[in-house]
Amino acid sequence: MQSESIYVLHGVTKREKMQLSSEPDIKFEEEEIPDGAIGEPATFIIMVTMAALSTLAAYLLRKHKGESFEEDVEERLPDGTVKIRKVKWTKSSSEAPEADIIKQIQGVTSLGK
Amino acid sequence: MPRSFTHPLTNTVVLDKLDITTHLADVMIGGLSTKVLPVFLHEVTHHWCFSSPVGTALSIIAIDARAKLATMGISDELEKEKIATDEIKYNTTLSILQPILEGLSLFAEFDLLTGDSQIVSLPTSISALMFLGRQNLGDKLLDNFKAGLQLYRVTTDFISRKTDLLYDSFDCNKSSYLAGYLFIKSQFNVVKRSYDQFNDADFFMHYYRSYIFDDWELVRLLLDTETSPIYAVEDIIEYIANRVSNFLQLDHSISIQKFENDVLTQTGCRYKIQNKWIICEVFSVPIGECEVDDKLSELLNKRVSDLFSFSAKEINSMVYLIQAIIGFRGALHLGHAELKAKVSKTGWLSIYNNDLPLLAQQAPEEMGLDWAGMVEADIIYVPQPTGLYTIISKDGIPITSLSLSGKKMGKNELSYFLNSKKVLGAISILNGATKVLESDKDYKEYCEYASEFIKININNLYCLNALIFTKDELIPKAYEKMFESGLYGIFNNDDLLSDCVLASLISSNYLNAKSEKLKDIWVNKNVEETIDELNNIIYKHLGFYNFAFLEEANAIHSNLL
């Protein structure tokens with residue numbers, strides 16, 4: 001059993017995977033479709049631990065070229081529970097972008113709850 | 001499910017990016033978001049290819065083999081050989097056709113546009129309806145859809161999807177996407193020089209799909225029971241390789257006219273499957289010498305009958321699955337959701353999402369009055385007679401259908417319908433059944449032989465044809481670079497690759513490269529200089545100049561990409 005939460009982002013393309021492959025502490029897995037099915041070009045999921053959340057946040061900002069965005073990030077808890085967090089970042093936000101995104105991924109509200 | 005797919009075994013489509021729970025009404029009124037357009041075009045094209053005689057034959061042989069394995073296992077050597085032959089044929093055919101399947105779907109995403117032809121492909125007609133239907137455009141629907149497509153194709157979603165594609169490996173043994181796409185583009189670009197009709201990309205795709213999937217000779221090979229696994233592999237690969245390679249050698253002048261007329265008047269080949277379990281028609285417009293003679297007709301009916309008699313004895317639910325897959329094959333599943341439903345005291349059925357009513361109509365009697373609970377909703381598009389229906393099931397059994405026009409699906413048609421959850425469950429059982437075979441020593445040897453045979457032939461068939469304008473002496477180096485990371489291997493630069501994508505989208509969508517809209521995308525770039533830079537790199541590695549800038553129209557011509 002894993003000892004800490006794992007944060008997961010879906011829908012990463014092969015190009016993005018190549019660009020991220022030199023980053024430490026990131027694991028990739030191909031998104032599966034049923035055996036024998038054919039479909040969209042392969043995409044991957046990124047999996048990081050808390051230690052690499054800044055890499056994930058930087059990637060999200062780079063992916064959206066610094067523009068406002070909304071993305072779903074999963075938190076897979078050690079007990080198997082999965083929580084889906086909607087990360088919503090607006091360009092006009094007064095907080096430091098990476099810190100703001102990391103807080104949202106971890107489910108920390110602006111009131112610190 | 002994070003990736004959309006189509007399953008060839010049942011022709012079931014799952015569009016993960018379409019959330020029916022929140023978008024049921026948008027789907028029903030034809031107001032889908034353009035965000036879903038690329039993946040919609042992709043999967044609808046797969047579904048359309050499998051709604052064909054070849055797609056039907058593939059389902060018949062695989063379901064026959066897997067249903068036997070699921071219920072009886074391997075009874076004797078003779079039976080094992082027959083099952084192994086069908087399994088190997090199914091897998092070999094799909095493997096060797098996969099670059100065409102992906103190539104056509106990607107062509108639909110990036111290049112499909114209607115032109116002068118009087119006929120329109122199913123991916124275009126259904127997409128126009130699903131994305132612009134709500135605007136009530138009447139006979140302007142297709143023109144508006146075309147204009148919309150031309151603009152959407154230079155938006156971030158499409159540019160980014162196409163850029164991702166060009167990073168894909170060109171090696172068919174690793175991935176079918178890029179090689180398949182460039183192969184289809186090469187066929188299109190060559191054949192349109194000889195026949196004006198093929199300048200209509202929609203017509204080309206329609207014709208090519210029929211050339212491959214309405215091919216009754218391939219159906220004959222698939223259904224044949226008098227062959228062994230090894231011969232089946234060789235026969236199928238050789239047949240498909242010849243058919244694919246011959247496309248550019250054939251004289252299409254007569255068949256183009258015949259094809260257009262047959263589609264227009266719906267007078268192609270109407271073949272009827274009829275036994276005590278099912279009566280249905282397989283419509284096709286074969287190209288070339290393909291036809292259904294008495295011998296093939298007998299074989300097809302026998303194999304379908306065998307399927308039903310076997311299944312009826314063994315697992316009753318399989319009968320419904322087979323009826324749905326064969327008799328209702330053209331029905332396109334668009335989404336599934338569990339929703340709240342209420343039947344009022346006056347017998348009015350309403351479907352809700354978050355307490356907002358989405359659809360309502362008179363409830364069937366069996367639902368009773370004054371009832372509330374959860375139901376399953378599946379949205380399907382039925383091509384003939386055209387209609388979009390929401391099928392309501394309770395406990396997995398379809399009970400009624402709703403449509404905006406007020407039309408209801410007949411009881412008979414409704415009984416053919418199986419909700420997607422059940423079909424995916426059946427696929428999983430049938431796929432699981434092959435495990436018995438996978439541990440068999442002989443079967444393993446057949447599979448290894450098939451996989452080696454495919455490996456040897458597949459790149460020669462698709463990659464060589466895709467690089468049709470490349471000088472022979474440059475091919476090995478081009479393969480070396482492109483097998484690893486596609487066209488990125490040639491450009492080795494993200495910005496140049498994006499420019500290449502944009503130039504190719506401008507070209508295939510007949511856009512003005514210097515329009516105001518595109519100026520924002522070509523930020524600070526001189527179009528002519530960019531084209532020169534791209535051409536120099538392509539020439540260095542592939543030996544031809546791909547793009548030409550046509551000054552008068554500010555258009556870009558592309559030879560391949």
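**Labels and what backs them**

Modeller: Let's start with Leu104(B), which touches Thr45(B), Cys49(B), Ile184(B), Met205(B), Tyr208(B) and Arg209(B), leaving aside residues up to four places away in sequence. A contact here means that two C-beta atoms, placed from the backbone, lie within 7 Å. Mind that this is a predicted model: local features need pLDDT of at least 70 and side-chain atom pairs count only at pLDDT 80 or more, while totals for chains, interfaces and linings use all residues. Residues are numbered from 1 along each chain as its sequence is written, and chains are lettered from A and ligands numbered from 1 in the order in which they are written.

Biologist: Which residues have the most contacts inside the largest nonpolar core?

Modeller: Leu104(B) is one of them, along with Ile61(B), Phe107(B) and Ala179(B), in a core of 170 residues. The term covers buried Ala, Val, Leu, Ile, Met, Phe, Trp, Tyr and Cys residues joined through C-beta atoms within 7 Å. H4(B) brings the largest share, 13 residues. Another core, of 13 residues, lies apart from it and includes Phe44(A), Tyr59(A), Trp89(A) and Ile105(A).

Biologist: Why is Tyr59(A) called buried?

Modeller: Tyr59(A) has 21 other C-beta atoms within 10 Å, so it counts as buried: the label takes 20 or more, exposed means 12 or fewer, and partly exposed is in between. Tyr59(A) sits in helix H2 (residues 53-63) of chain A. Helices are DSSP runs of H or I with at least four residues, strands are E runs of at least two, and both are numbered from the N terminus.

Biologist: And what makes Gly115(B) partly exposed?

Modeller: Gly115(B) has 15 C-beta neighbours inside 10 Å, so it counts as partly exposed. Its place is the loop between helix H4 (77-110) and helix H5 (122-132) of chain B. Gly115(B) touches, among others, Asn199(B) and Phe203(B). Ala201(B) is 86 residues away from Gly115(B) in sequence, but their C-alpha atoms are 7.1 Å apart.

Biologist: How do you know that chain B is as compact as a globular protein of that length?

Modeller: First, chain B has 23 helices and 12 strands. Its radius of gyration is 24 Å, close to the 24 Å that the globule rule gives for 561 residues, so chain B is as compact as a globular protein of that length. The radius is taken over C-alpha atoms, and the rule is 2.2 Å times the number of residues to the power 0.38. Of those 561 residues, 46% count as buried.

Biologist: What makes S3(A) and strand S1 (residues 5-7) of chain B a pair?

Modeller: Pairing needs at least two bridges found by DSSP. S3(A) and S1(B) have two, in the antiparallel sense, so they pair. Gly39(A) stands opposite Phe5(B) in S1(B).

Biologist: How many residues does each chain bring to the contact?

Modeller: Chain A brings 17 and chain B brings 23. On the chain A side, H1(A) gives the most, with three residues.

Biologist: Where are the domains of chain B?

Modeller: Domain 1 is 5-328 + 432-438, domain 2 is 332-416 and domain 3 is 470-558, with bounds from an automatic or database domain assignment. The C-alpha centres of domains 1 and 3 of chain B lie 31 Å apart, yet 17 residues of domain 1 are in contact with 19 of domain 3. Helix H7 (residues 156-166) of chain B gives the most to the domain 1 side, with five residues.
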